[in-house]
Amino acid sequence: MTPARRIGFALLWLALLALAGWAIGSQLKLSGDLRRFMPSAQTPAQKLLIDELGEGPGSRLLLIALEGDDPAALAAQSTALRERLSAQPHFKLVANGAGFGLESVPERLRPYRYLLTPSFDDQPLDAAYLRDQLDTRVQDLGSPAGELIEPLLASDPTLEMLRLAEAWQPAQAPQTLDGVWFDRAGKQALLAVETRAAGFDPTGQQSAIDAIRGAFEQARGASASRITISGPGAFSVEIGGRTQREASLIGSIDSLVFIALLWLAYRSWKAPLIGGLPLATAGLAGLGAVAAIFDGVHGITVAFGFTLIGVVQDYPIHLFSHQRPGLSPWASARSLWPTLGTGVASTCIAYLTFFVSGVDGLQQLAVFTIVGLATAALATRFVLPALIDPAPRDVAASVRLARVWSALARWPRLGVTSVSLIAALALAVILFVPGAFWQNDLAKLTPVPDAALARDAQLRGELGAPDVRYIIAIEGRDAEAALQASEALLPELPLLRQRGAIAGYDLAARYLPSVKTQRERQRRLPDEATLRAALDSAVAATPFRSDAFADFLADVERARHAPPLTPRDLADTPLAVSVDGLLLQRGDHATALVSLSGLHDPAAVAEVVRKHGGQLLDLKQASESLVAEYRGRVLLALGLAGVLLAAAVWIALRSPRRVLRVLAPMALTTLLILAVLRGLGVELNLFHLVSLILAAGLGLDYALFFDHAGDDRAEQLRTLHAVIVCSLTTLLVFALLGLSSIPVLRAIGATVALGVAFNFVLALLIVREPTAMSDADAVDAEAGDAHA
Amino acid sequence: MSSVGSLHAAPVTEPALAQAAASSLPAPDAPADANLILPRLAQPIPARTDFVEMRGSALLKAPLRVSGEYRRPDAATLVREVRAPYAETTTIRSGAQPGQGEVSIARAGKPAKKFSLSRAPELVSLQASFGALLGGDRAALEQHYRLSAEGTRRQWTITMTPTDAKVAARVREIVLLGRDDELRCIETRPARGNEQQRTLLSSAARAAAGIDDASRLAALCRGHGAAR
């Protein structure tokens with residue numbers, strides 16, 4: 001093959017990758033649903049968090065503020081925004097204070113007001129009551145609001161519908177100016193929007209927020225007003241965007257560094273191109289495999305996966321560095337294969353343990369990495385040699401490298417004693433440094449800026465939006481049972497509010513009483529003859545005509561015989577949104593939720609709720625316990641992986657001494673990384689753990705290659721060259737990540753960068769065989785060997 | 001009511017009359033012009049006026065006759081005190097900032113109900129339009145209504161047509177009837193139906209004392225009563 005052919009072949013490969021990338025990309029369903037990355041829920045709170053609240057009301061609520069213009073203009077924009085957003089499929093509910101009155105109930109359900117209202121639970125609908133009501137209605141008619149009330153009276157002389165609409169208003173509704181919600185200062189128009197997408201579905205939230213911003217741009221016109229969007233979804237989008245921007249900036253810098261380093265190391269512009277091919281192939285193969293096996297690929301799988309297969313960048317580098325004149329690339333690849341293969345195979349076997357974790361996301365990750373690593377290794381072995389030009393020079397002949405080597409050869413070699421001592425020291429630091437070991441608070445991984453949090457708290461207070469941490473849950477075998485159970489709380493909640501334990505609450509039973517309660521109310525309503533007699537005697541003494549309220553008699557009679565309302569009957573009414581969000585029905589059971597706002601005394605609330613068979617769930621605590629459980633599974637998988645890895649290396653090398661020498665650097669490195677992180681007061685999270693796996697994989701490769709080089713000086717020089725290039729590229733990539741402002745990227749970067757540095761040094765100090773070429777070296781080596 | 005029950009508050013009657021006389025044009029039969037009439041309706045504060053209101057409804061045996069007094073103790077407050085056939089005092093206080101206003105409704109034998117003006121849009125429009133009317137503030141009225149005048153300067157009619165679609169859905173037009181610089185009657189015509197609401201003020205309200213008959217009140221409103 002000529003050089004031109006070879007580069008043509010490389011470009012063809014690249015083109016195929018681009019094509020495959022496009023094909024996979026168009027098929028790929030990226031899911032941001034965190035639940036796929038969580039173990040199955042055990043406690044009720046976990047179940048609620050994972051199974052139900054993932055799409056629950058609190059996490060899907062976006063709070064919107066419009067400001068920067070006069071109230072009338074803001075109100076008009078709020079109305080326009082509401083109209084535009086209501087028409088879009090992204091949103092379940094768009095509320096701005098308008099139209100939450102009588103229009104909530106369609107005509108066909110109006111007679112049900114007598115079953116929905118608690119007015120007649122203690123006060124019978126008799127002549128005395130009607131008389132008092134009618135007198136009041138006369139005054140209402142003569143009042144400035146008379147024309148509004150007049151059309152309602154014929155069928156509803158007690159104004160039951162108005163009372164219900166008033167009761168359905170959010171307990172802490174903001175003030176209304178020009179017909180829409182405003183903050184107390186009258187400067188910001190407020191809206192509350194419930195998205196269909198779950199709060200931690202970044203893609204769904206992103207499109208919802210894009211839709212809001214688009215609609216606002218249109219509604220705003222030439223006005224100078226501004227929009228603020230807050231809430232869990234907005235935060236996840238904001239953090240996601242920032243992570244993506246930083247990651248892609250770091251990624252671009254890294255690509256440049258990779259290209260420059262490879263070009264420098266091999267004096268060939270082709271090296272970076274060819275060197276990048278295995279990584280790209282591995283990534284696409286992994287992604288394709290996951291997409292083919294699983295229903296949707298989790299975003300975290302992709303992020304973690306690409307981190308973990310970063311190790312394959314080293315494969316072509318080993319091949320390049322072992323090139324020398326007179327040796328065909330094929331022969332070189334063949335001689336490296338046992339070493340490379342051992343590393344890849346043992347790592348892949350280790351990843352198999354993720355399959356037993358029982359967590360969908362981890363299984364995806366295992367498929368991704370195993371397929372990726374294997375593909376890259378096979379590509380390096382069987383395809384890459386076809387692309388490499390025969391080497392014009394041997395790096396082992398480099399004078400500068402030889403000088404570096406001599407300097408390194410003078411370093412002391414670590415024997416069993418020193419390794420054990422360092423390990424003991426590291427362990428002591430890990431165990432005895434004060435401070436929390438694990439970080440369970442997911443929120444710390446995605447920190448929201450203080451200003452945004454303060455803004456969120458302000459909007460939440462103004463809108464009386466529900467607490468996102470605490471919620472009351474009452475279970476029942478079906479919706480009716482859950483409704484009945486939650487009705488027991490109806491008298492208690494106002495008391496809690498009076499005591500200042502909570503500022504507001506909302507529950508489905510506020511809108512829709514249980515069938516049992518509705519039937520009791522039906523029984524209490526007077527029959528037609530009784531009511532007619534009572535009405536006649538009441539009307540006689542008023543200016544009203546005797547036949548004015550025929551519609552009222554008909555409505556009460558209809559209410560007495562109507563089948564009680566169930567959640568299904570509310571479909572397509574604004575009430576359905578409130579009821580569905582607070583009454584979760586899942587096959588064989590139902591959960592009635594009570595959302596709380598301004599919760600000041602969780603203990604008092606919990607006690608009252610317990611008395612009525614419900615519980616106050618702390619979702620933050622639930623998510624933390626899930627994280628802990630998840631970490632337990634990862635740790636178990638890691639322990640198992642360590643055992644499998646050691647076994648695989650044992651089988652490949654078959655010498656206890658060599659096995660120990662190869663495994664020692666990565667084991668010690670793991671301890672040292674943990675010691676440094678703990679020493680610096682870093683709380684460990686899942687991203688640290690996953691990064692430890694990558695660091696261990698890198699260390700294993702370095703050690704295996706030094707082991708492979710044996711005591712041949714030229715081979716050692718080539719291996720040193722390869723490992724220097726490998727570790728430099730990796731170190732630069734992850735050191736940059738370590739400087740990131742995003743905790744997730746920082747965790748990955750710091751861990752791997754530390755790992756590369758320790759592994760490199762320890763591989764030299766522990767694995768390298770002394771060469772017989774120089775006397776000084778030989779003396780050192782003998783001293784080291786005596787220890788080993 | 002007493003002689004002070006005009007739209008002019010008693011303490012300031014003299015200067016106000018003097019001012020009205022001074023600005024009176026020499027041609028009382030000249031065509032009516034809202035631009036000239038409205039500013040002259042302006043009332044110095046504090047102001048008060050009697051009213052008689054007729055509200056018709058298909059539900060009632062006869063139109064409801066309500067009488068009492070409108071007061072403007074200060075620029076930000078409008079009081080509507082009903083004296084017959086029942087006692088009710090509605091106080092609408094607009095706040096320093098939009099939406100800070102408060103309404104209180106006190107009825108005989110019941111504790112006063114207080115609520116934010118922002119919860120009662122119909123009272124906001126009453127406060128805005130009635131206040132503007134009593135303040136002679138044509139510009140404020142024209143924010144919400146199209147104005148057209150008929151008749152002569154002596155006996156005039158100003159028709160206010162709501163420009164806001166939401167108001168127009170309820171109210172077809174509001175007709176102001178007056179003589180010289182006195183607003184005597186406000187007729188509110190609903191968008192649906194023919195049951196109109198009629199509010200007689202000042203001398204018309206005084207003349208209506210003891211009259212229950214709807215058609216006689218309508219005639220009073222239309223100006224067939226005694227000229228001042």
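Trainee: Does Arg654(A) count as buried or exposed?

Mentor: Arg654(A) counts as exposed, because its relative accessibility is 66%; buried means under 20% relative accessible area, exposed over 50%, and partly exposed in between, with a 1.4 Å probe and protein chains only. The model is predicted, so local features need pLDDT of at least 70 and side-chain atom pairs count only at pLDDT 80 or more, while totals for chains, interfaces and linings use all residues. Residues are numbered from 1 along each chain as its sequence is written, chains are lettered from A and ligands numbered from 1 in the order in which they are written, and side-chain values use heavy atoms, with hydrogens and water left out.

Arg654(A) sits in the loop between α26 (619-653) and α27 (656-679) of chain A. Helices (H or I, at least four residues) and strands (E, at least two) are DSSP runs, numbered from the N terminus. The phi of Arg654(A) is positive, about 60°, although the residue is not a glycine. Most residues other than glycine have a negative phi, and most peptide bonds are trans.

Leu159(A) is another residue other than glycine with a positive phi, near 55°. Leu159(A) belongs to the loop between α6 (146-153) and α7 (160-168) of chain A, and its relative accessible area of 8% makes it buried. Leu159(A) is also among the contacts of Asp140(A), which, leaving aside neighbours within four places in sequence, touches Ala145(A), Gly146(A), Ile149(A) and Arg107(B) as well; contact means heavy atoms within 4.5 Å. Asp140(A) is part of helix α5 (residues 127-141) of chain A and counts as buried, with 10% relative accessibility.

In chain B, a cis peptide bond joins Ala84(B) and Pro85(B), with omega about 5°. Pro85(B) is in the loop between β3 (77-84) and β4 (88-93) of chain B.

Next come the disulfides. A disulfide is a pair of cysteine sulfur atoms within 2.5 Å, and a search of the whole structure finds 1 over all chains. The partners are Cys185(B) and Cys221(B), with sulfur atoms 1.6 Å apart. They link distant parts of the chain, 36 residues apart: Cys185(B) is in strand β10 (residues 182-190) and Cys221(B) in helix α7 (residues 214-222), both of chain B. The torsion about their S-S bond is about -85°, so the disulfide is left-handed. Cys185(B) is buried at 0% relative accessibility, and Cys221(B) is buried at 2%.

Back in chain A, the axes of helix α13 (residues 329-351) and helix α28 (residues 686-709) come within 10 Å and cross at roughly 155°. Axes are lines fitted to C-alpha atoms, for helices over the stretch in contact, and angles run from 0 to 180 degrees between N-to-C directions. α13(A) and α28(A) are therefore roughly antiparallel; under 35 degrees counts as roughly parallel, over 145 as roughly antiparallel, 65 to 115 as roughly perpendicular and the rest as oblique. Residues of α13(A) including Leu336(A), Leu340(A) and Tyr351(A) take part in the meeting with α28(A), where the residues include Ile693(A), Leu704(A) and His708(A).

Last is helix α30 (residues 743-767) of chain A, whose 25 residues should span 36 Å at 1.5 Å a residue; its end C-alpha atoms are 34 Å apart, which agrees. The expected span is 1.5 Å times one less than the number of residues. α30(A) is mostly covered, with 19 of its 25 residues buried.
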